[in-house]
Amino acid sequence: MEYRVSRVENTAESVSVTGLLIELLPAWFGVPESNAGYIDSAMRLPGFVAKVGDDSVGILLYRRHFPESAEIHFMAVAPGWHRRGVGRALVTAAEADLRGDGCRLLQVKTLGPTHLDQGYADTRTFYRAAGFLPLEENTEVWPGTPCLVMVKALSP
């Protein structure tokens, strides 16, 4: 089956999909306080959802920091849909939307490479393949946990 990507239509859908995918991906989303924050952000941040029929298989929420820059705040793809282009399609949709509104720089934060975790190594590989470059790793964003900031220039 093929998936389709579209703008998240309403906050109830965004909250529901975010909660579902958090539950399906405990290795990535295992901190209850952070998960509650993601659910809360789903009530107010714009984004895109990937669906197969009526089933949601992925979501991306983004935050605009300045007119020229934005951040992927949350992205998750159902395990059965990893490595099938869903994540790339979500990122591409967000980039097109942001680029069309004058955004020139997109960032994402993920677990840094000094914390050995194969799932997050795969996440970093995904973002690199999508054109993101590592900018810095620090433990100040998430105290005690290495945060890797990755960035991508959005061409006009």
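Select Glu-95 to begin: at 7% relative accessibility, this residue counts as buried (buried means under 20% relative accessible area, exposed over 50%, and partly exposed in between, with a 1.4 Å probe and protein chains only). The model is predicted, so local features need pLDDT of at least 70 and side-chain atom pairs count only at pLDDT 80 or more, while totals for chains, interfaces and linings use all residues. Residues are numbered from 1 along each chain as its sequence is written, and side-chain values use heavy atoms, with hydrogens and water left out.

**The surroundings of Glu-95**

Glu-95 belongs to helix α3. Helices (H or I, at least four residues) and strands (E, at least two) are DSSP runs, numbered from the N terminus. Leaving aside residues up to four places away in sequence, Glu-95 touches Leu-106, Ala-130, Phe-132, Lys-152 and Leu-154; contact means heavy atoms within 4.5 Å.

Glu-95 forms a salt bridge with Arg-99, and the closest N and O atoms are 3.9 Å apart. A salt bridge is a side-chain nitrogen of Lys or Arg within 4 Å of a carboxyl oxygen of Asp or Glu. Being 4 residues apart in helix α3, the two are separated by about one helical turn. Arg-99 counts as partly exposed, at 29% relative accessibility.

Lys-152 is buried, with a relative accessible area of 16%. Through shared partners, salt bridges join Glu-95, Arg-99 and Lys-152 into one network.

The structure holds 7 salt bridges. For another of them, select Lys-51 and Glu-13, whose side chains meet at 2.9 Å, N to O. Here too distant parts of the chain are linked: Lys-51 lies in strand β2 and Glu-13 in helix α1, 38 residues apart. Lys-51 is buried at 19% relative accessible area, and Glu-13 is buried at 15%.

**The sheet**

Show the strands as a cartoon. In what order do the 7 strands of the open sheet stand? The order is β1-β2-β3-β4-β5-β7-β6, with mixed pairing; two strands pair if DSSP finds at least two bridges between them. β1 (4-7) and β6 (133-142) stand at the edges with a single partner strand each, so one side of each is left without a neighbour in the sheet. Neighbouring strands are turned by 25° against each other on average, direction ignored.

Select residues 55-66 and 69-77, which are β3 and β4; 8 bridges join these antiparallel strands. Leu-60 stands opposite Met-75 in β4. On its other pairing shown here, β4 runs parallel to β5, with 4 bridges joining them, and Ser-69 stands opposite Leu-105 in β5. β5 is mostly covered, as 5 of its 7 residues are buried.

Ser-6 is partly exposed, with a relative accessible area of 30%, and touches Gly-47, Phe-48 and Val-49, not counting residues up to four places away in sequence.

Select Arg-124, which is found in helix α4. Arg-124 is buried yet has no salt bridge; the nearest side chain of opposite charge, Glu-137, is 6.7 Å away (Lys and Arg count as positive and Asp and Glu as negative, while His and the chain ends are not counted). Not counting residues up to four places away in sequence, its contacts include Thr-110, Asp-117 and Met-150.

Then move to Arg-83, in the loop between β4 and α3 (86-100). Arg-83 has a positive phi of about 60° although it is not a glycine, and at 78% relative accessibility it counts as exposed.

**The whole chain**

Finally, zoom out. The protein chain has 4 helices and 7 strands, following the pattern β-α-α-β-β-β-α-β-α-β-β along the sequence. Along its principal axes the C-alpha trace spans about 40 × 35 × 30 Å. Buried residues make up 44% of the 156 residues.

Notes. Axes fitted to C-alpha atoms, helices over the stretch in contact; angles between N-to-C directions.
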